[in-house]
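Biologist: I am new to this structure and would like to learn how to read its features. Could you walk me through a few of them?

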Amino acid sequence: MENVNKVVDCRTKALINSNHTFKDIFDIMFKKGDYILGEYNDGYNIYTVSYEEAKNKIFNLAYSINQKYPNLKDEYIGIANESTIEWIYIYWAILASGNKPYLINLRHPKGFVNQLLKSLNISYLIGNVDIYDAILIKLEELDLKYDLNYKFEFANEMALSTSATTLKEKIIFYNGLELSNQILNCKQVLKENKQV
């Protein structure tokens with residue numbers, strides 16, 4: 001627990017001293033490239049993904065978005081993907097491409113999601129769920145390797161919807177400051193809940 005507290009203290013201090021943008025959150029989150037971001041399996045083997053590997057995948061995707069879809073700038077792009085490690089790549093790639101992610105709840109009815117996509121003027125989705133009224137970009141289509149000198153301009157906004165019970169349109173927007181404030185609450189959560 002002591003090591004966890006040290007990491008949390010270091011990261012929260014860096015976030016407090018930042019500009020509280022999504023770019024700042026990304027830089028802090030991906031600072032230790034050799035740390036493990038996550039694991040996945042293929043039914044037989046377990047594979048790990050480091051933060052450095054993930055960062056490279058994210059930048060390749062973001063670069064591909066910028067090169068293959070130059071008209072997408074400061075637009076909302078929906079994430080139409082199950083909760084997998086690829087979801088993380090898509091989320092950060094959309095932000096790194098200068099666009100804003102919309103977190104689609106795949107459990108919402110199709111018609112309700114299409115209504116939300118229309119409200120946000122979303123024309124493109126990224127992922128593997130191809131049932132909505134927007135153009136789906138599959139991950140394998142975003143196959144360019146990013147130029148190391150390329151300057152990524154991160155967006156600083158995201159959206160998600162709630163209201164799964166009432167199915168009344170409700171879209172919530174977050175910027176980096178609002179998300180930073182939520183992240184900074186983690187110190188108190190860890191203090192009060194040792195099991196975390």
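**Salt bridges, cores and ring pairs**

Modeller: Gladly! Let's begin with a charged pair: Lys23 and Asp27 form a salt bridge, with their closest N and O atoms 2.8 Å apart. Keep in mind that this is a predicted model.

Biologist: Where do Lys23 and Asp27 lie?

Modeller: Both sit in helix α2, 4 residues apart, which is about one turn of the helix.

Biologist: Why does Lys23 count as partly exposed?

Modeller: Partly exposed covers the range between the buried cut-off of 20% and the exposed cut-off of 50%. Lys23 has a relative accessibility of 31%, so it counts as partly exposed. Asp27 is partly exposed too, because its relative accessible area is 36%.

Biologist: How many salt bridges does the structure hold?

Modeller: There are 4 salt bridges. One of them joins Asp143 to Lys68, with the closest N and O atoms 2.7 Å apart. This pair links distant parts of the chain: Asp143 belongs to the loop between β6 and β7, Lys68 to helix α3, and 75 residues separate them. Asp143 has a relative accessible area of 53%, so it is exposed, whereas Lys68, at 36%, counts as partly exposed.

Biologist: Now the inside, please. What should I expect of nonpolar side chains?

Modeller: In soluble globular proteins, they tend to be buried together. Here the largest nonpolar core has 42 residues, and Tyr91, Trp92 and Ile126 have the most contacts inside it. Several elements each supply at least two residues of this core, including α2, α3 and β5. Helix α4 gives the most, with 9 residues.

Biologist: Which residues is Trp92 in contact with, leaving aside its neighbours within four places in sequence?

Modeller: Trp92 touches Phe22, Ile25, Phe26, Met29, Phe30, Ile58 and Phe154. There is also a second, separate core of 17 residues, with Ala80, Val113, Leu117 and Ala134 among them.

Biologist: How is a pair of aromatic rings described?

Modeller: By the distance of the centres and the angle of the planes. The count here comes to 17 aromatic pairs. In one of them, Phe59 and Tyr146 are 5.4 Å apart, centre to centre, with 75° between the planes, which makes the pair edge-to-face. Phe59 is in helix α3 and Tyr146 in the loop between β6 and β7, 87 residues apart.

Biologist: Are Phe59 and Tyr146 buried or exposed?

Modeller: Both are buried.

Biologist: Last one: how do strands β1 and β2 run?

Modeller: They run antiparallel, joined by 5 bridges. Tyr40 has Tyr47 in β2 as its bridge partner. The hairpin of β1 and β2 has 4 residues between the strands, and Gly43 takes a positive phi near 100° there.

Terms used:
Residues are numbered from 1 along each chain as its sequence is written. This is a predicted model: local features need pLDDT of at least 70, side-chain atom pairs count only at pLDDT 80 or more; totals for chains, interfaces and linings use all residues. Side-chain values use heavy atoms; hydrogens and water are left out. Rings of Phe, Tyr and Trp (its six-membered ring) pair if their centres lie within 6.5 Å; planes under 30 degrees apart count as stacked, over 60 as edge-to-face and the rest as tilted. Buried means under 20% relative accessible area, exposed over 50%, partly exposed in between (1.4 Å probe, protein chains only). Two strands pair if DSSP finds at least two bridges between them. A nonpolar core is a set of buried Ala, Val, Leu, Ile, Met, Phe, Trp, Tyr and Cys residues joined through side-chain atoms within 4.5 Å. Contact means heavy atoms within 4.5 Å. A salt bridge is a side-chain nitrogen of Lys or Arg within 4 Å of a carboxyl oxygen of Asp or Glu.
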